[in-house]
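Here is a short note for a colleague opening this model for the first time. Please read the points with the structure on screen.

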Amino acid sequence: MMNKTINPNDVVGLYVSYLDGTGGKRRPVLIISTYKEELSFFRLTSQYESKTSKIRKQYYPIKHWKEAGLKKPSWIDVGSVLKVNRTHLDSVTKIGALDTDDIDGLAQFIKKIDYHK
């Protein structure tokens, strides 16, 4: 059953498919918008060090990750916005929410990022 009170800037757990189509796993994501039955979100990762410098440029470091309900330092992958219809979800678990400092920082980060480099 889906929690109907999911809002932008909430950190939630949901099943996310791998980009290569080989499956997926339940993971934390950042909700960036809710519109009717659609949720738009960014992936979160704790695997910053293993990424290439090009990929790292699209990762915003969550400063207040503990306050957001995360278990370890994490980054927001702003490289692509993912969308899912709520009716296709078995469950969404609210983990926490971004601190206002991180909300502002993420907005500034997105304004400055150059997706073509």
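How many of the eight residues of strand 3 are buried? Point 4 answers this.

1. **Basis.** This is a predicted model, in which local features need pLDDT of at least 70, side-chain atom pairs count only at pLDDT 80 or more, and totals for chains, interfaces and linings use all residues. Residues are numbered from 1 along each chain as its sequence is written, and side-chain values use heavy atoms, with hydrogens and water left out.

2. **Overall layout.** The protein chain holds two helices and six strands. Helices (H or I, at least four residues) and strands (E, at least two) are DSSP runs, numbered from the N terminus. Their order from the N terminus is β-β-β-α-β-β-β-α. The radius of gyration, taken over C-alpha atoms, is 14 Å. Along the principal axes, the C-alpha atoms fill a box of roughly 40 × 35 × 25 Å.

3. Six strands form an open sheet with antiparallel pairing, in the order 4-5-3-2-1-6. Strands 4 (59-61) and 6 (93-97) stand at the edges, each with a single partner strand, so one side of each has no neighbour in the sheet. From one strand to the next, the twist averages 50°. Angles run from 0 to 180 degrees between N-to-C directions, and axes are lines fitted to C-alpha atoms, for helices over the stretch in contact.

4. **Strand 3.** Seven of the eight residues of strand 3 are buried, so this strand is largely enclosed by the rest of the structure. Buried means under 20% relative accessible area, exposed over 50%, and partly exposed in between (1.4 Å probe, protein chains only).

5. **Partners of strand 3.** Two strands pair if DSSP finds at least two bridges between them. Strand 2 and strand 3 pair in the antiparallel sense over six bridges, with L30 opposite F42. The two strands form a hairpin with two residues between them, and K36 in the turn has a positive phi of about 50°. Seven bridges join strand 3 to strand 5, again antiparallel. Here L44 stands opposite I76.

6. **S40.** This residue sits in strand 3. S40 is buried, at 5% relative accessible area. Neighbours within four places in sequence aside, S40 is in contact (heavy atoms within 4.5 Å) with L30, I31, I32, S33, V81, L82 and K83.

7. **Strand 4 and helix 2.** Strand 4 pairs with strand 5 (residues 75-85) in the antiparallel sense over three bridges. The bridge partner of Y59 in strand 5 is D77. Helix 2 (residues 100-112) lies across strand 2 (24-35), strand 3 (38-45), strand 4 and strand 5. Helix 2 runs at about 150° to strand 4.

8. **L89.** Is L89 buried or exposed? L89 lies in the loop between strand 5 and strand 6, and at 15% relative accessibility it counts as buried. L89 and R26 are 63 residues apart in sequence and 11 Å apart in space, C-alpha to C-alpha.

9. **Contacts and surface.** Among contacts in the protein chain with a separation of 6 or more, 62% come from residues 24 or more positions apart. The chain exposes about 7,400 Å², and carbon and sulfur atoms supply 52% of it. Accessible areas come from the Shrake-Rupley method with a 1.4 Å probe; for residues, only the protein chains shown count as cover.

Note on methods: Rg over C-alpha atoms; globule rule 2.2 N^0.38 Å.
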